[in-house]
Amino acid sequence: MGIRSPFWGAALMAVLLVVYIVLIGVRAVAFIATGLGIGIAIGVALIVVAVIGALLLVLEVRFGLRITRLGARLEREGGTPDDVVEVRPSGRPTRAAADALFPEYRAAVEAAPDDWRAWFRLGVVYDAAGDRKRARAAMRTALAHAR
């Protein structure tokens, strides 16, 4: 099971979010320009939403870049998982195949809880199994232990 970078999908979503944030900003200015109390309140609320959206976008892009760099480092070291598993036409492993690998990678993390490589591999297996929440948590742990 190799590590695939969903760069173009993430880049497209980031661009769409930037466009959305800009559109929200334009609407916010229009509401504020009305001079009415309710218009100003709505405009300020829209600005808050735009700022939160921009902050979340920056945090997600930063997380993705850090994970990509860590994955490239693991690949350079020759530590990426070499497991051959059944894949869907999209190239992603089937859930059953990923579930079958899970005990091996979980045991590796339990044997070496401070090893970022083990956490990264576990995150890849979680992601392949469709468990995004645990995949992100494992990747965060990998980032915390990487030097």
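Trainee: What is the mean pLDDT of the protein chain, and how many of its residues reach 70 or more?

Mentor: The mean is 87, and 93% of the residues reach 70 or more; pLDDT is the predictor's confidence in each residue, from 0 to 100. This is a predicted model, where local features need pLDDT of at least 70, side-chain atom pairs count only at pLDDT 80 or more, and totals for chains, interfaces and linings use all residues. Residues are numbered from 1 along each chain as its sequence is written, and side-chain values use heavy atoms, with hydrogens and water left out.

Trainee: Where is confidence lowest, and where highest?

Mentor: Helix α3 (residues 95–111) is lowest, at a mean of 86, while α5 is highest, at 94.

Trainee: Which elements make up the secondary structure?

Mentor: Five helices and zero strands. Helices (H or I, at least four residues) and strands (E, at least two) are DSSP runs, numbered from the N terminus.

Trainee: Why are α4 and α5 called roughly antiparallel?

Mentor: Look at the axes, lines fitted to C-alpha atoms, for helices over the stretch in contact, with angles running from 0 to 180 degrees between N-to-C directions. Those of α4 (residues 116–128) and α5 (residues 132–145) come within 8 Å and cross at roughly 165°. Angles under 35 degrees count as roughly parallel, over 145 as roughly antiparallel, 65 to 115 as roughly perpendicular and the rest as oblique. So α4 and α5 are roughly antiparallel to each other.

Trainee: Which residues make that contact?

Mentor: Contact means heavy atoms within 4.5 Å. Among them are W119 and L122 of α4, and A138 and M139 of α5. The contact residues divide into 10 nonpolar, three polar and three charged. Ala, Val, Leu, Ile, Met, Phe, Trp, Tyr, Cys and Pro count as nonpolar, Asp, Glu, Lys and Arg as charged, and the others, Gly among them, as polar.

Trainee: What makes α2 roughly perpendicular to α4?

Mentor: The axes of α2 (residues 37–76) and α4 come within 11 Å and cross at roughly 110°. That angle makes α2 roughly perpendicular to α4.

Trainee: Which residues meet there?

Mentor: I67, L70, G71, R73 and L74 in α2 meet W116, R117, F120 and R121 in α4.
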